[in-house]
Amino acid sequence: TETDQYAVIGNPIEHSKSPEIHARFAAQTQQNLQYDRLPAPLDGFLATVQGFVRSGGKGLNVTVPFKLEAYALATTLTERARAAGAVNTLKFDGGNMLGDNTDGVGLVTDIVRNAGIAIANKSVLLLGAGGAARGVILPLLGEQPARLVVANRTHAKALDLARRFSAQPRLKVCELAELEDTFDIVINATAASLASEVPPISPRVFGAQTLAYDMMYGKEPTAFMRFAKQHGAIARDGLGMLVEQAAESFYLWRGVRPETAAVFAELRERL
Ligand code: NDP
């Protein structure tokens, strides 16, 4: 039988770990597929996707900066992709392009199952209002937290984001500088860590049992993780989210759920 083609599209894309992750999932589940990096020029998302589909491609992961274009391109959307207004997974089937967003379920699975920390009835703070933040709001609310507060450097963007979810009474918006409560879970969905910066928040958001989760990951703990630890919190990086969102995309494409723990451990070793 023919080998099905998948890829991750983004710009830049050289450093993506998705090919490594999906190759391991495929070997583990004995699925006959190939998964590559698909570079696209900043103004060439559509043409690159069309070329990939014409050559028989079955699905794509979509990363920075194309998640909004992928949302616009999809002919069908899952509920969580529609809520996010962003797509990180495309599945091609005949003329149909299904758009999904697996970032949020990846985050929730990593917190609840891998870290063993329930979100239900907890107070959760989400820092950031960009693509990563919008992708995780609906799946976080699905866990029934006591409340979910969104705070962003540019406050107007947090307000815009909350407006997308206006029917959600547990969702609140707060100015970064006005955060005063202690939260059970603090999630950093800003790009501040990329510049080794910490969002300007009071350390009072962290208590002794607080989980401080940075969506970023790397060999060393991020600036946000170090800051949170200094103030007593338990810190975790986003490598687990990366592996879990990949597993959810793999499941959407292949109908088989790969086992993630060993893949996570191998990736951690190789960082
Ligand atoms: P966007 O560019 O869409 O959004 C960036 C966000 O970060 C904005 O809210 C911006 O605030 C804020 N920000 C940037 N710099 C700073 C700073 N110095 N201080 C405070 N806030 C800042 O990026 P994404 O949402 O796509 O990505 C955010 C992060 O999440 C990235 O580090 C990315 O790598 C990570 N990520 C990880 C995933 C995983 O699987 N682990 C999946 C997806 C993303 P403002 O509005 O004021 O500009």
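This is a predicted model: local features need pLDDT of at least 70, side-chain atom pairs count only at pLDDT 80 or more; totals for chains, interfaces and linings use all residues.
Residues are numbered from 1 along each chain as its sequence is written.

The chain is divided into domain 1 (4–101 + 241–270) and domain 2 (104–237), with bounds that come from an automatic or database domain assignment. Taken over C-alpha atoms, the centres of domain 1 and domain 2 are separated by 25 Å. Between them, 13 residues of domain 1 are in contact with 14 residues of domain 2, where contact requires that the C-beta atoms of two residues, placed from the backbone, lie within 7 Å. On the side of domain 1 that touches domain 2, two or more residues are given by each of α4 (79–84) and α9 (239–254), and α9 provides the largest share, five residues. Helices here are DSSP runs of H or I with at least four residues, and strands are runs of E with at least two, numbered from the N terminus. By class, this side of domain 1 has five nonpolar, four polar and four charged residues; Ala, Val, Leu, Ile, Met, Phe, Trp, Tyr, Cys and Pro count as nonpolar, Asp, Glu, Lys and Arg as charged, and the others, Gly among them, as polar.

The ligand has 28 residues around it, of which Gly130, Ala132, Arg153, Thr190 and Gly238 come nearest; a residue is counted as near if its C-beta atom, placed from the backbone, lies within 6 Å of the molecule. Each of domain 1 and domain 2 contributes at least three residues to this shell, and α5 (103–114), α6 (131–142) and α9 each supply at least two. The shell divides into 14 nonpolar, 10 polar and four charged residues.

How do the helices that supply the shell pack against each other? The axes of α5 and α6 come within 7 Å and cross at roughly 60 degrees, where axes are lines fitted to C-alpha atoms, for helices over the stretch in contact, and angles run from 0 to 180 degrees between N-to-C directions. The two helices α5 and α6 are therefore oblique to each other, since angles under 35 degrees count as roughly parallel, over 145 as roughly antiparallel, 65 to 115 as roughly perpendicular and the rest as oblique. The contact brings Asp103, Gly104, Val105, Leu107 and Val108 of α5 to Ala132, Gly135, Val136, Leu138, Pro139 and Leu140 of α6, and by class it has eight nonpolar, two polar and one charged residues.

Helix α5 also packs with α9, at an angle of about 120 degrees and with the axes 7 Å apart, so α5 and α9 are likewise oblique to each other. Here Asp103, Val105, Gly106, Leu107, Thr109, Asp110 and Asn114 of α5 meet Gly240, Met241, Glu244, Gln245 and Glu248 of α9, a set that divides into three nonpolar, five polar and four charged residues.

Some backbone details remain. Most residues other than glycine have a negative phi, and most peptide bonds are trans. Asparagine 11 and proline 12, however, are joined by a cis peptide bond with omega of about 5 degrees, and proline 12 is placed in the loop between β1 (4–10) and α1 (18–29). The bond from valine 64 to proline 65 is cis, with omega near 5 degrees, and proline 65 lies in the loop between β3 (59–62) and α3 (67–73).
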